[in-house]
Amino acid sequence: MPEKKAYITLLGRSAWAVLNTYYAVLVEKSYYPDTIHIFSEKSYSEDLENIIEEMKVLSEEFGFEPEIDSTIIEDNDFITAVRKIGELVKGLKEQGCSVAIDITPGRKTLVSAALIPAVKLRLEHVFYLAVKELEDKPYIMIPLANQQLRDFMEEAEAGRAGNE
């Protein structure tokens, strides 16, 4: 039985940042998660329902239907964010899941909170879509030369291997 995959993303100011990174992960990494979890600070949660619907549509285009959940955190509540993200990651890892976190769209509080369990629990992927200019349009409408999907865990592993 293939390993289950989980994808965690952080909603900040831009719905496009969530959707474009997810699309890039599907296209470039062929990482098709069984479950998706979106963390959002309260001030940015009004787009949550639309983002969930769009992620469902994108997933269906690639032939799969992940379970999608969300958690809303009070603005700038670092302690709660660390606890909730950490508990989710720990539970997923205990279930034998491969876990990826997308830090692209998150604000500093959520990104910092996500990186602690990412490093501590050795996640498989930490994705970041580096874009030269912020654009509120779909991934496929932004020139590929202006964006690069990075996987910091993959890069760290390659760096360690190069130093041996």
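## Loop residues with positive phi

Arg 122 is exposed (over 50% relative accessible area, with a 1.4 Å probe and protein chains only), its own relative accessible area being 61%. Although not a glycine, Arg 122 has a positive phi of about 50 degrees, and it lies in the loop between α4 (108–120) and β5 (125–131); helices here are DSSP runs of H or I with at least four residues and strands are runs of E with at least two, numbered from the N terminus. This is a predicted model, in which local features need pLDDT of at least 70 and side-chain atom pairs count only at pLDDT 80 or more, while totals for chains, interfaces and linings use all residues. Residues are numbered from 1 along each chain as its sequence is written, and side-chain values use heavy atoms, with hydrogens and water left out.

Asn 76, in the loop between β3 (67–73) and α3 (78–94), likewise has a positive phi, near 60 degrees, and is exposed at 51% relative accessible area.

## Aromatic pairs

The structure holds six aromatic pairs, where rings of Phe, Tyr and Trp (its six-membered ring) pair if their centres lie within 6.5 Å, and planes under 30 degrees apart count as stacked, over 60 as edge-to-face and the rest as tilted. One of them is the tilted pair of Tyr 7 and Tyr 22, with 5.2 Å centre to centre and 55 degrees between the planes; it links strand β1 (residues 5–11) with helix α1 (residues 15–29). Both tyrosines, Tyr 7 and Tyr 22, are buried, that is, under 20% relative accessible area.

Tyr 31 and Phe 127 form an edge-to-face pair, 6.2 Å centre to centre with 70 degrees between the planes, and these residues stand 96 residues apart.
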